[in-house]
Amino acid sequence: MTDLKSTFLNVYSVLKAELLQDPAFEYTDVSRQWIERMLDYNVPGGKLNRGLSVIDSYRLLKEWKELTEDEIFLASVLGWCIEWLQAYFLVLDDIMDNSVTRRGQPCWFRVPKVGMIAVNDGVLLRNHIPRMLKNHFKGKPYYVDLLDLFNEVEFQTASGQMIDLITTIEGEKDLSKYALSLHRRIVQYKTAYYSFYLPVACALVMSGEDLENHTVVKDTLVQMGIYFQVQDDYLDCFGDPETIGKVGTDIEDFKCSWLVVKALELCNEEQKKLLHEAYGKPDLENVAKVKALYKELDIEGVFAEYESQSYAELNATIEAHPSKSIQAVLKSFLGKIYKRQK
């Protein structure tokens, strides 16, 4: 794995060098330095799970046949396209959420002299993706399928972000509209498609598969993405900030978190009143009240039960798939996220 990661990181350097020499724009030394610094700060700093998953999935689809250097390189390019997409979402997401830290360092827009230039940097990150796809896939029979795939998933993710944002508009905070169905819609579109479906879809397209024939795979990965986000919601409140690399703010931000939705389902009228009064308030005292209520309702136990049930259901769906190589891909994803701590 370490070897694969270093190979993957080498491809980042190649792609960055190509983008910094893109003939469509005349770079000055200053602009080139800005882009290089912006890319190094925002693109390769995460766990790289999404990107590496493309190579893993492609290898499993090929049933562990020895991959050529070219296949590893192309799968890595697609992996980095997803990491670029992730960086674009996060740079803009952090501005919208007024976040402080990301991956254990200040959010890009909070770096001195960056500020709102980060908005344009986000737009540039998004525009780098078709440049990379053109450089490496133009002429491949599936080139247009890749463009379509990235465009569709980006649209789904931005639409999910929109539902999330309009649900938490200042002055219109209404906990009564929070339900599992809303949580599911936000998560499905905002997270599941780009984090879970997209890496496998890239590997399938590169293998010459028609995505129309793999709706069961898509549905299973979306389910996995929802499970992943519920874990994220849990870790935002109960996780260790040192381990997860950020301080959770879902309570202060009035997020439609799985925890608050579950709490609303389980609490009595008095507890509900407390939740309505304290949730979404930025002061530590109200945040502490919400966390105490979560403890009282044993939300941790409710989560543990949800986690084991989700795992069992996903496993059963995977086992029922007729293709052993696709089973292997899906099992690999599930294995990486089950009972994670960060």
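This is a predicted model: local features need pLDDT of at least 70, side-chain atom pairs count only at pLDDT 80 or more; totals for chains, interfaces and linings use all residues.
**Stop 1**

Colour residues 1-139 as domain 1 and residues 141-341 as domain 2. Their C-alpha centres lie 23 Å apart. Now show the contact between them: domain 1 gives 33 residues, and domain 2 gives 33 residues. The size of an interface is often given as the accessible area lost when the parts come together. Here domain 1 and domain 2 bury about 2900 Å² between them. Carbon and sulfur atoms account for 67% of that area.

**Stop 1: salt bridges**

Stay with the two domains. How many salt bridges are counted between domain 1 and domain 2? The count is 3. Next, select Lys255 and Asp97. Their side chains meet in a salt bridge, at 3.6 Å from N to O.

**Stop 2**

Turn to the rings. A pair of aromatic rings is described by the distance of the centres and the angle of the planes. The model holds 22 aromatic pairs. Select Trp80 and Trp84 to see one of them: the centres are 6.3 Å apart, the planes stand at 85°, and the pair is edge-to-face. Are the two side chains buried or exposed? Trp80 is buried, and Trp84 is buried too.

**Stop 3: a stacked tyrosine pair**

Move to Tyr311 and Tyr338. Why does this pair count as stacked? The ring centres are 3.8 Å apart and the planes meet at 15°, so the pair is stacked; the cut-off for stacking is under 30 degrees. Trace the chain to see what the pair links: distant parts, 27 residues apart. Tyr311 belongs to helix H13 (residues 299-319), while Tyr338 lies in the segment after helix H14 (324-337). Tyr311 is partly exposed, with a relative accessible area of 27%. Tyr338 is also partly exposed, with a relative accessible area of 27%.

**Stop 4: an aromatic cluster**

Select Tyr227, Tyr234, Phe238, Trp258, Phe303 and Tyr306 together. These residues form one aromatic cluster.

**Stop 5: charges over rings**

Two selections remain. Show Trp34 with Arg37: the arginine lies over the face of the Trp34 ring, 5.9 Å from its centre. Then show Phe333 with Lys336. The lysine lies over the face of Phe333, at 5.5 Å from the ring centre.

Terms used
Residues are numbered from 1 along each chain as its sequence is written. Side-chain values use heavy atoms; hydrogens and water are left out. Rings of Phe, Tyr and Trp (its six-membered ring) pair if their centres lie within 6.5 Å; planes under 30 degrees apart count as stacked, over 60 as edge-to-face and the rest as tilted. Buried means under 20% relative accessible area, exposed over 50%, partly exposed in between (1.4 Å probe, protein chains only). Helices (H or I, at least four residues) and strands (E, at least two) are DSSP runs, numbered from the N terminus. A charge sits over a ring if NZ of Lys or CZ of Arg is within 6 Å of the ring centre and within 35 degrees of the ring normal. Domain bounds come from an automatic or database domain assignment. Contact means heavy atoms within 4.5 Å. Buried area is the accessible area (1.4 Å probe) that two parts lose on being put together, summed over both. A salt bridge is a side-chain nitrogen of Lys or Arg within 4 Å of a carboxyl oxygen of Asp or Glu.
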